[in-house]
Amino acid sequence: MLLTADPLWQLTAACADDARPERLDLIVGVYRDDSGASPVMRAVRAAELRLAQRSTSKEYAGPSGNRRFAALLTDLMLGDPALTSRTVAVQSVAGTGALRLIAELLATTGPDRTVHLGTPSYVNHAGILAAAGLRVATHPVRDMLAAVETARPGDALVIQGCCHNPSGFSMPIRQWDELSAALVRRGVVPFIDQAYFGLGDGLDADLAGMRRLLRAVGFGVVAVSGSKAWGLYSERVGAALVVGDLPGVRSELEGVRGEVPGVRGLLEGFARTSYSQPPAHGAMIVEEILGDPELTACWRSELEAMRRRLGRLRTGLASHLDMPDLAEQRGMFLSLPLTADAMERLRVDHGIYGLPSGRINLAGLPESRIPQVAEAIRLALAAE
Ligand SMILES: Cc1ncc(COP(=O)(O)O)c(C=O)c1O
């Protein structure tokens, strides 16, 4: 059995040890196909083949990592030269690494900053922020606007760009606009976490709110995870983007040799003292895909097929449970209205493993098992 103190990985280990043939792993956010496999995307495989034939060296890439990858990813995320021209991007060790680099930047450049975090949130958010020495204030995730109103200038607000983990909430454009106005009024830094783009309402729709907000506010930080969109979980692909001039951070973005380091210098400094440089392979795959229109089109259509499958699973389960509200959620997860006890019953009585919070990874659910899983959920609810 895997030895770990993390409850999520403990559950995963318990699930792997569960010999019941009907056991179903709906724990960690990994896309799976209907057979339960986490597949290598066709575009990824094609890029890997090209790289294998072409690559001649495994030389160091430097603390900023792969610069062309970072530039292509920035273009994809921001989609607007007015934003990209004012952005510093460094490759990170996936989304988690990007969150940490940005947290370090915020902590170093604003020792009095508080970071406002809506709860529930991604389980690792609070830990990453605290590990960087930031003060964290929590609020119910739907009360984001009220949190901004009590924030001080220079504070930061964590915002998930789409398909909120775990609630499955994607903010409508009207709310992005309201939030932008409040952030500008209060001088608060938007700290955007983009991990599920492409899996909610479509790639461009999932990024539209963030792009609009960054244009309106003029500055912000974005942690990008490449794990879900390219299925590159173990390759650790991501980037930290700093858009515009953050309050309290020197404006020379790239920094000038011999002067106080700019944003890039600071980010590279954090990278240098923790892992020195990010891993190369995953970033090269994404660079190959985004640098080639044919591979990009292939990847986009695969991502769209994944999104549609998640949508079918969500609406299927919602209709079997007669809970239409569930169909409003977006992304890889579904937050069920179940207590920790009910989730425990699902696990013990039916071999269905989700998180005690009620969150399940929809992608792990084969379509043919929707009726059976819905019935198990009904039984667990009835026993409350
Ligand atoms: C909201 C959110 N942000 C960031 C991450 C980190 O992803 P990774 O470090 O695997 O790229 C996750 C992973 O589940 C997540 O749900």
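Student: How many salt bridges does the rule count here?

Tutor: A salt bridge is a side-chain nitrogen of Lys or Arg within 4 Å of a carboxyl oxygen of Asp or Glu. By this rule the count is 23 salt bridges. The model is a predicted one, in which local features need pLDDT of at least 70 and side-chain atom pairs count only at pLDDT 80 or more, whereas totals for chains, interfaces and linings use all residues. Residues are numbered from 1 along each chain as its sequence is written, and side-chain values use heavy atoms, with hydrogens and water left out.

Student: What domains does the assignment give?

Tutor: Domain bounds come from an automatic or database domain assignment. For this protein chain, domain 1 is 7-40 + 305-382 and domain 2 is 67-291. Their C-alpha centres lie 29 Å apart. With contact defined as heavy atoms within 4.5 Å, 15 residues from domain 1 and 14 residues from domain 2 take part.

Student: What area is buried between domain 1 and domain 2?

Tutor: Buried area is the accessible area (1.4 Å probe) that two parts lose on being put together, summed over both. Here the value is about 1300 Å², and carbon and sulfur atoms give 57% of it. R307, R330 and F333 supply 43% of the area that domain 1 buries against domain 2, more than any other three residues.

Student: Which polar and charged pairs cross this interface?

Tutor: A polar contact is a pair of N or O atoms within 3.5 Å; within protein, one must be able to donate a hydrogen and the other to accept it, and residues adjacent in sequence count only if both atoms are side-chain atoms. Across the interface the rule finds seven residue pairs in polar contact, both residues being at pLDDT 80 or more. The rule also finds one salt bridge across the interface. R330 forms a salt bridge with D201, with the closest N and O atoms 2.7 Å apart.

Student: Which residues come nearest to the ligand?

Tutor: A residue is near a molecule if one of its heavy atoms lies within 4 Å of it. Of the 14 residues around the ligand, T96, D193, Y196, S225 and S227 come nearest. A polar side-chain atom of D193 lies 2.6 Å from a ligand nitrogen atom, and a polar side-chain atom of S227 lies 2.6 Å from a ligand oxygen atom. From G95, a backbone N or O atom lies 2.8 Å from an oxygen atom of the ligand.

Student: Is the phi of C163 positive or negative?

Tutor: Phi of C163 is near 45°, a positive value in a residue other than glycine. C163 lies in the loop between β5 and α8.

Terms used:
Helices (H or I, at least four residues) and strands (E, at least two) are DSSP runs, numbered from the N terminus.
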